[in-house]
Amino acid sequence: MSATVILGLGSLLAVPSAYAESLQDMKDKKVMIQEKRTDVQSNILETETKIKNLQSQQLTVEEQLDQLEKNMTVNANKIIEKTAEINKTNAEIESLKAEIVVLKDRIAKRNELLKERAVSYQEGGGNLNYLEVLLGASSFSEFIDRVSAVATIVEADQDIIKQHEQDKKSLEEAQSAVEKKKLDLEKMLAELEKVKQQLQVQKNQQEVLLAELHKQKEHAEHDIVGFEEEAANLKAQETAVAQAIQLEQKRLADAEAARKKAAAEAAAVAAAKKKQASISSSSSSSSSSSSSNATVSAPAVSSGTFNRPSAGYVSSGFGGRWGKSHNGIDIAASGTVPVVATADGVVIRAYTSSSYGNVVMISHSINGQTFTSVYAHLNSMSVSAGQVVSKGQQVGYMGNTGHSYGQHLHFELHKGAWNAAKSNAVNPLNYLSM
Ligand SMILES: [Zn+2]
């Protein structure tokens, strides 16, 4: 059994690495293109959402502008109203002023008249004023007569003057009231003008905002066109790469079938020779491997950082073999053998390769160091890419898929990332005990 396992590994290592690498490169490229396409699609969705938001913002600003314009119209009407009132008040002031002028003139004329009357009263005594008239009395009784006469005249004159003064005063009061009214109106007008300016400032701001929103929307729409173009290009690239992968896989499968056929023939020859040499041991061994279908339990979870990946014995160690290097260890066991994650990690790949067969690759981060573990030739896989696994969690069953002859697990451990040259491969037995 171990002989067939070793033969299988020899075949695995005989796969021309250039083919595997270029196929792997193509697959990686396809994954990269798909990831990029997903990014671009999400960019498109994001930008579409952005455009919707911008449109609703635009609508809001446009409504605000509408309201502002209504407010401005109301304000403008008020300004017209107040200006008309001010003009009317100005006219009132002018007419009151004119009335005051007329009244003043009338008072002046009356004063003139009163003076003339006083003079005519004193005609007998020459150019004397009231006092002189009084002081010019030759006797006390004459003085009394003169006093009462002057008083009567003065009183009558004073009534007229008082009346005029009163008229003048009430006109002046009316004038100052109207002027106060005019001041109030002017104050209101000034406030309205201030409101008008504020509304204009708001309107300008909203218009700037609206223009900015228009610009942003235009950019976003332009971006979407670019993204859609990019998405179309990526889709075409992806189709091309998928076709190239199919062609390469067919070519590899053909080459592999030819190789497998030759190896099987060689194995049959070797088995026949072995059978001849020791019939009893060969038959017991072959019966145990072919008939045993018992389920083997998964390895116990160890306390170390890395766990053994499956039950079984190490049928091939790490390192040089036939002038080639073996980049992992082989663990062989018969029956249904669970294969488990060697440590906590994230499944980076779970796929079928022509050389590895069903293979799971897990990335681990241990104390800041990345490790990659590889579980090849699996019969079946129970995890998928992106899945988080814990140490000892089953990833599949041991099998005989890909370049393998006889059931075994080909297990690799890489300090760092996996690469086609397997330059980071380390001996797993330095990290875990079997
Ligand atoms: Zn191996």
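L429 lies in the segment that follows β13 (425–426). In this predicted model, L429 has a relative accessibility of 35% and therefore counts as partly exposed, since that class covers the range between under 20% for buried and over 50% for exposed residues.

A metal site comes next. The zinc ion is held by three named residues, with H326 contributing NE2, D330 contributing OD and H410 contributing ND1, at 1.8 to 2.3 Å. Along the sequence, these donor residues follow the spacing H-x3-D-x79-H. H326 has a relative accessible area of 1% and is buried. D330, at 0% relative accessibility, counts as buried too; the cut-off for this class is under 20%.

Turning to the strands, an open sheet is built from 3 of them, arranged in the order β5-β11-β9 with antiparallel pairing. The edges are taken by β5 (338–340) and β9 (380–381); each has a single partner strand, so one side of each has no neighbour in the sheet. In general, the strands of a sheet pair through backbone hydrogen bonds, in either a parallel or an antiparallel arrangement. Here, the antiparallel pairing of β5 with β11 (residues 394–397) runs over 3 bridges. A handy point for finding this pairing in the structure is V340, which stands opposite Q394 in β11.

Terms used:
Residues numbered from 1 in each chain as written. Predicted model: local features only at pLDDT ≥ 70, side-chain atom pairs only at ≥ 80, totals over all residues. Heavy atoms only, no water. Donors = N, O, S within 2.8 Å, 3.2 Å for Na, K, Ca; no water. Buried < 20%, exposed > 50% of the residue type's maximum accessible area, 1.4 Å probe, protein only. Helix = DSSP H or I, 4+ residues; strand = E, 2+ residues; numbered from the N terminus. Pairing = 2+ DSSP bridges.
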